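Please find below a short note on the model you sent. The points are meant to be read beside the coordinates.

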Amino acid sequence: MRILVISDTHKRIKHVLDLMEGDHRFDRIFHLGDLVRDARDIERLFNIPIDYVAGNCDWGEINVPTEKVVFIQGKKILLTHGHHHYVKHGTNMLKALAKKENYDIILYGHTHMAHEEYEGKCLIFNPGSISSPRDGVASFGVLTINEDGKIHTNIPRIS
């Protein structure tokens, strides 16, 4: 299972469209908030399953959760934007959540900067922002979960 992980597109999905129309192939997309409208637009354009959560800029999206748990290849994955976990101040709240809820993977956004670390066996992963990076380099995540449950990650940069 090869998953495109994006966050913080903020009405600018050109890079996502370029990826989807190019040589990249994905089985699924996770959009980690800001903006849900973008996730819906991507979903309408491509015949691929997409899971998304609302971020802090998704005001009025009353039927969209701010967190979602997904199970893939036996892995328990949390999708969150991260603003309720104060990720701009670090990942300590996510680390505690990883232990408490026994997640295999926590995916988050909000900071607009790519980040990857492990807390025990739990991967904590932020793809950065494909549209408005705060570190000057647009990025997205590629999460691959093999049939044997092995997890591989990549954070490609877009120049």
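1. The model is predicted, and the remarks here should be read as remarks on a prediction.

2. Nonpolar cores. The largest nonpolar core comprises 20 residues, and Leu4, Ile6, Val16, Met20, Ile29, Ile42 and Phe140 have the most contacts inside it. Two or more residues each come from strand E1 (2-6), helix H1 (14-21), helix H2 (36-45) and strand E3 (50-52). Another core, apart from this one, has 16 residues, including Phe30, Leu32, Leu79 and Leu123.

3. Leu4. Setting aside residues up to four places away in sequence, Leu4 touches Val16, Leu19, Met20, Phe26, Arg28, Ile29, Phe30, Phe140 and Gly141.

4. His31. This residue belongs to strand E2 (residues 28-31). Its relative accessibility is 0%, so His31 counts as buried, the limit being under 20%. The side chain of His31 makes a polar contact of 3.0 Å with the side chain of Thr9. Beyond its neighbours within four places in sequence, His31 is in contact with residues that include Ile6, Asp8, Asp38, Ala39, Ile50 and Tyr52.

5. Lys76. Strand E5 (residues 75-80) contains Lys76. Its side chain reaches the backbone oxygen of Glu101 at 2.7 Å. Not counting residues up to four places away in sequence, Lys76 touches Val69, Val70 and Phe71, and also Glu101, Asn102, Tyr103, Asp104 and Ile105.

6. Salt bridges around helix H3. There are 9 salt bridges in the structure. One of them joins the side chains of Glu119 and Lys99 (3.2 Å, N to O). Glu119 is in strand E7 (residues 114-119) and Lys99 in helix H3 (residues 92-101), 20 residues apart. Lys99 is exposed, at a relative accessible area of 61%. Lys121 and Asp104 form a salt bridge with their closest N and O atoms 2.5 Å apart. Lys121 lies in the loop between E7 and strand E8 (122-127) and Asp104 in the loop between H3 and strand E6 (105-107), so this pair ties together parts 17 residues apart in sequence. Lys121 is partly exposed at 47% relative accessibility, whereas Asp104 is buried at 12%.

7. Other salt bridges. Arg157 and Asp135 meet through their side chains at 3.9 Å, N to O. Both count as partly exposed, Arg157 at 46% relative accessibility and Asp135 at 37%. Arg28, Asp51 and Lys68 are linked in a salt-bridge network.

Definitions and conventions: Residues numbered from 1 in each chain as written. Predicted model: local features only at pLDDT ≥ 70, side-chain atom pairs only at ≥ 80, totals over all residues. Heavy atoms only, no water. Helix = DSSP H or I, 4+ residues; strand = E, 2+ residues; numbered from the N terminus. Contact = heavy atoms within 4.5 Å. Polar contact = N/O pair within 3.5 Å; in protein donor to acceptor, adjacent residues only side chain to side chain. Buried < 20%, exposed > 50% of the residue type's maximum accessible area, 1.4 Å probe, protein only. Core = buried A, V, L, I, M, F, W, Y, C linked by side-chain atoms within 4.5 Å. Salt bridge = Lys/Arg side-chain N within 4 Å of Asp/Glu carboxyl O.
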